[in-house]
Amino acid sequence: MSSKLTIALAPGDGIGPEIMDAVMHVFDAAGVLDHLDFKDAPMGDRVFATGNTSGIADEAIDLIEDTGLIFKGPMGTPVGGGGKSINVTLRKTFGAFANLRHFQSLPGVETVFSRAGVPVDFYVVRENVEDTYGGIEHRLTNDVVECLRLISAPGCDQVARFAFETAHKLGLKTVHCGHKANIMKMTDGLFLERFKLIGEDYPDLEKGDVIIDALCMNLVLRPDKYEMVVLPNLQGDIVSDLAAGLVGGLGFAPSANIGDRVSIFEAVHGTAPDIAGKGVANPTSLLLSGLIMLRHVGLAKQAAIINNALLRTLESGVHTGDVKGDGEPVGTRAFAEAIAANLGKTPETCVPRVVGTQDKVDHTTPPRPQTNRMMHTFENVVTQHLGADIYIESPLSPLELAEKLQRAAEHTPFALTNISNRGTQVWPSGSVYTELADHHGCRFELRDPAMAGALGVQPCVKLLGRIAEKFEVVSFTPLKSFDGARGFSLAQGQ
Ligand code: NAD
């Protein structure tokens with residue numbers, strides 16, 4: 001039996017096999033393959049072609065569950081035909097909840113900032129499984145669709161703790177939370193609140209928070225202001241690509257998706273079909289992702305040696321065709337050979353990576369879980385039902401609607417308190433300037449607040465039944481308080 005650590009390997013589609021081959025060449029030259037055993041995990045085009053719409057073969061799933069680690073190249077997502085994005089499927093199925101990306105200026109890679117002499121070196125930690133990426137979407141009325149944005153307290157806690165732990169290991173001083181809690185007070189508000197709370201366990205780290213729009217401007221003006229930014233999924237996705245642009249593009253941005261049991265290391269760019277098979281693709285992003293993986297499993301010394309060889313290669317002017325630079329570009333393989341030839345050398349124009357002594361695998365594969373883990377953050381919370389938001393499709397004016405809804409709610413414990421349209425109050429007060437869509441949020445609250453606690457959800461469901469007799473109901477959300485705090489937002493103007 002091999003004493004090496006096994007890692008599932010999926011070279012990917014398009015340029016994937018070429019850049020993976022280049023990375024393996026460097027790994028081999030650096031002695032990494034004495035410690036790691038890469039096993040083929042079939043996924044991507046070749047699996048989609050068999051009619052498997054997940055694009056991931058069962059044996060690949062088995063291998064990932066066994067090893068808990070996968071190193072992958074880019075995968076194509078079939079357009080149409082029901083094929084799903086393999087990347088999103090892997091992250092979500094295996095609970096790889098944190099996406100870590102490192103953005104750093106590289107010698108020989110010319111950018112606006114390198115020309116201005118401003119070094120860029122920061123990390124983005126993006127929550128990876130929640131938010132609008134749940135893809136929970138419905139068409140509710142003729143004219144209105146919705147996307148349900150779920151943010152959970154344990155999901156926030158996991159990603160915040162991962163960020164602080166990683167900042168610690170990397171020797172960073174400051175961690176920022178990027179958010180839009182000024183508008184999305186409950187969802188982004190929870191993300192920020194948990195960040196602050198978990199941060200209390202890391203007193204030696206400085207914490208800051210920044211609204212997402214300001215963050216984007218700051219990153220473009222002063223990227224050196226940040227060391228690490230933690231963000232919810234969609235905002236993190238956008239900021240990650242913005243950050244990649246600061247350091248020369250997606251070809252230089254490594255990515256790791258870390259979970260408690262399974263972690264995925266991958267290049268962030270796609271399959272580059274326009275250059276596939278030509279031997280000209282840049283393997284840097286995949287190589288840097290591989291270096292995060294080496295550090296993750298304990299091969300920190302090898303990672304630093306390879307990193308220094310890469311920096312030395314780039315500063316010496318050896319580059320692939322996608323990089324602006326002097327001299328003729330080289331192909332993928334020649335670039336990898338140049339890195340291999342520079343192993344043991346350090347860069348002269350930038351700070352070299354510190355080569356420590358940790359050069360043995362230090363990683364335990366977590367056991368396969370027997371059942372799904374239920375995560376809890378808040379327990380023993382006292383909840384009380386206060387009413388319901390009932391959403392209806394209707395062409396009526398707010399006044400007409402209010403009259404009919406009030407009649408329908410007669411002799412129930414609930415009174416109509418508000419009608420909103422796309423989140424703006426249009427009844428009892430509002431402006432005739434507010435344009436309406438065919439989707440109304442009708443808020444019913446207990447006539448006697450003292451009854452809160454005496455009622456469960458059933459009276460709200462009864463009310464729903466009465467409203468549904470007269471209106472086209474499209475969705476329903478109970479209104480609750482949690483330990484006495486209101487668990488719902490107010491409409492704009494309410
Ligand atoms: P892409 O990243 O493949 O290509 C965009 C441009 O960047 C192209 O001009 C390409 O030649 C260039 N490029 C990308 N990587 C390069 C590299 N390593 N070296 C040199 N040039 C490089 O994006 P796309 O064209 O929008 O997507 C193509 C396919 O990749 C799609 O099927 C998409 O779904 C998939 N995709 C996969 C991933 C992933 O697996 N992580 C990510 C993004 C896109």
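Colleague: Let's start with T332: which helix is T332 found in?

Modeller: T332 is found in helix α12. Helices here are DSSP runs of H or I with at least four residues, strands are runs of E with at least two, and both are numbered from the N terminus. Before we go on: this is a predicted model, where local features need pLDDT of at least 70, side-chain atom pairs count only at pLDDT 80 or more, and totals for chains, interfaces and linings use all residues. Residues are numbered from 1 along each chain as its sequence is written, and side-chain values use heavy atoms, with hydrogens and water left out.

Colleague: Is T332 buried or exposed?

Modeller: T332 counts as buried, at 4% relative accessibility. Buried means under 20% relative accessible area, exposed means over 50%, and partly exposed is in between, with a 1.4 Å probe and protein chains only.

Colleague: And what does the side chain of T332 reach?

Modeller: The backbone oxygen of A281, at 2.7 Å. That's a polar contact: a pair of N or O atoms within 3.5 Å, where within protein one must be able to donate a hydrogen and the other to accept it, and residues adjacent in sequence count only if both atoms are side-chain atoms. If you skip residues up to four places away in sequence, T332 touches E18, I19, A22, G279, V280, A281 and P283. Contact means heavy atoms within 4.5 Å.

Colleague: Which residues of α12 are buried?

Modeller: In α12 (residues 332-341), they are T332, F335, A336, A338, I339 and A340. These buried residues pack against α1 (16-29), α10 (284-297) and α11 (300-315).

Colleague: New topic, strands. How many residues of β8 are buried?

Modeller: Six of the six residues of β8 (residues 174-179) are buried, so the strand is largely enclosed by the rest of the structure. T174, H176 and G178 point one way, while V175, C177 and H179 point the other way.

Colleague: Why the two directions?

Modeller: Because in a regular strand the side chains alternate between the two faces of the sheet.

Colleague: Which way does β8 pair with β9, parallel or antiparallel?

Modeller: Parallel, over six bridges, with β9 covering residues 206-211. Strands count as paired if DSSP finds at least two bridges between them. H176 stands opposite G208 in β9. On β10 (residues 228-231), two bridges join that strand to β8, again in parallel, and V230 is the bridge partner of C177.

Colleague: What do β8, α7 and β9 make together?

Modeller: A right-handed β-α-β unit, with α7 at residues 187-199. Right-handed means that, with the strands pointing away from the viewer, the path from the first strand over the helix to the second runs clockwise.

Colleague: How many residues of β1 are buried?

Modeller: Five of the six residues of β1 (residues 5-10), so β1 is largely enclosed by the rest of the structure. Five bridges join β1 to β2, and the two run parallel. The chain crosses from β1 through α1 to β2, in a right-handed β-α-β crossover. There are also three bridges from β1 to β3, running parallel. A8 has bridge partners K39 in β2 and I70 in β3.

Colleague: Rings next! How many aromatic pairs does the structure hold?

Modeller: Six. Rings of Phe, Tyr and Trp (its six-membered ring) pair if their centres lie within 6.5 Å; planes under 30 degrees apart count as stacked, over 60 as edge-to-face and the rest as tilted. One of the pairs is F38 with F71, tilted, at 6.2 Å centre to centre and 45° between the planes. F38 lies in β2 (residues 36-40) and F71 in β3 (residues 69-72), so the pair ties together parts that are 33 residues apart in sequence. Both F38 and F71 are buried, and ring pairs link F27, F38 and F71 into a cluster.

Colleague: Last one: what does the side chain of H102 join in a polar contact?

Modeller: The side chain of D121, at 2.6 Å. H102 is found in β4 and is buried, with a relative accessible area of 7%.
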